[in-house]
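Please look through the sequence and the model before reading on.

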Amino acid sequence: MRVAPKDVKTVGLVGAGTMGAGWAAHFLARGLDVIAVDPGSGAEDRMRRKITQAWPAMEAKGLAPSASPDRIAFRSRIDSSFADVDFVQESAPESVDGKRRIISEISQCVGENVVIASSSSYLTPSEIGVDCVVPERFIVGHPFHPVYLVPLVEVVGSAKTTTDVIDWALAFYSAWGHRPLHCRNEILGHLGNRLQRALFAEAYKLVAEGVATTEEVDRAMTDAAGLRLALFGPFMTRAMAMNDAGLRAAFEWQRSHKITFPCERDNPEMTDEVIDRLVEQMAAQVDGRALEDLEKARDVYLIELIKLRDRALASTRDVHND
């Protein structure tokens, strides 16, 4: 029988890079035991340094009563100790062949009911899980850096992944402090990186064409859209911008004015069907809340966020001046 998500005691981690070390800090802070594997020279020292570096943030966030950075055992290869893990998170480099080999090896060493997740940023579970023993229990569980602070984990299954495994993974990440999102379709980059890459691509283009400097592009984001998007995301932000005009008005205006930015040239046509779907889903997000109440929440959030950002950046300048 598969252990219940909230009853997991020991997590196996494969890969001790940035993501692997972040997962280690997170799970250790939650009071779990960790077995970490990486054959690289100096991998253990680097991982332990990263955990030590992250620990003050974990203390500020709040530690489980049994949390300790010492509850980690390091191995240079996957061995018999992996037979005791309740869950595995693989965070090896983004290589199809490499991940296929590692996931196959993991699946031969852990119990057949143990869920195996890959931190893969772009590759799909169908691509990298082909040699997994019992592929029904394999998923992508893609986090965002720093893993121990950013809450989102994208859960992606292949056509072979069973519904109970998806449900288990969602419950597991949620029980241990993340906010999982089920990506119902396998696509390159899942959801988060698709959005990030679109933003980065336009940023690179503006700098490469001499339109702006890197600092100016960053300022255009951090002093404007980035502040709002952190609270509401693109669709809720769009909904609030329309005031009393209604949700449909934004898209009807976009369709009628025919203003197309270069990055939008491959976008699907704004048909009635697409607009209807957007309006229906955004109305569900708003969930009957009054615009005025959302605006008040936004204003409080922005004031506090800007203050917090300024304090955080001031501390870096103080260290530099010292």
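What percentage of the 322 residues of the protein chain count as buried? The figure is 38%, where buried means under 20% relative accessible area, exposed means over 50%, and partly exposed lies in between (1.4 Å probe, protein chains only). This is a predicted model, in which local features need pLDDT of at least 70 and side-chain atom pairs count only at pLDDT 80 or more, while totals for chains, interfaces and linings use all residues. Residues are numbered from 1 along each chain as its sequence is written, and side-chain values use heavy atoms, with hydrogens and water left out.

The protein chain has ten helices and eight strands; these are DSSP runs numbered from the N terminus, helices being H or I of at least four residues and strands E of at least two. Its C-alpha trace spans about 65 × 55 × 40 Å along the principal axes. Among contacts (heavy atoms within 4.5 Å) between residues at least 6 apart in sequence, 69% join residues at least 24 apart.

The largest nonpolar core holds 39 residues. Such a core is a set of buried Ala, Val, Leu, Ile, Met, Phe, Trp, Tyr and Cys residues joined through side-chain atoms within 4.5 Å. Phe27, Met47, Phe87, Ile139, Phe172 and Tyr173 touch the most other members. Elements that each supply at least two residues of this core include β1 (10–14), α1 (18–29), β2 (33–37), α2 (43–61) and α5 (163–175). The largest share, seven residues, comes from α1. A second, separate core of 21 residues includes Ile78, Ala92, Ile116 and Val140. Not counting residues up to four places away in sequence, Tyr173 touches Trp23, Phe87, Ile139, Val153 and His178, among others.

His178 is also one of the residues touched by Val150, along with Phe144 and His145, again not counting residues up to four places away in sequence. Val150 is found in the loop between β6 (138–143) and β7. Why is Val150 classed as partly exposed? Its relative accessible area is 26%. Pro146 is found in the loop between β6 and β7, and the peptide bond from His145 to Pro146 is cis, with omega near -5°.

Most peptide bonds are trans, and most residues other than glycine have a negative phi. Phi of His190 is near 55°, a positive value, and phi of Asp287 is near 55°, also positive. His190 lies in the loop between β8 (179–183) and α6 (192–208) and counts as buried because its relative accessibility is 1%. Asp287 is in the loop between α9 (272–286) and α10 (291–321) and counts as exposed because its relative accessibility is 61%.

The second largest pocket has a volume of about 210 Å³. A pocket here is an open set of points on a 1 Å grid over the protein atoms alone, where a 1.4 Å probe fits, with protein on both sides within 12 Å along at least five of seven lines; lining residues have an atom within 4 Å of a point. The volume is the space filled by probe spheres set on the points, which are joined across faces, edges and corners. Of its 16 lining residues, Val14, Val37, Pro39, Arg101 and Ile102 lie nearest the centre. Helix α3 (residues 96–109) gives the largest share of the lining, five residues.
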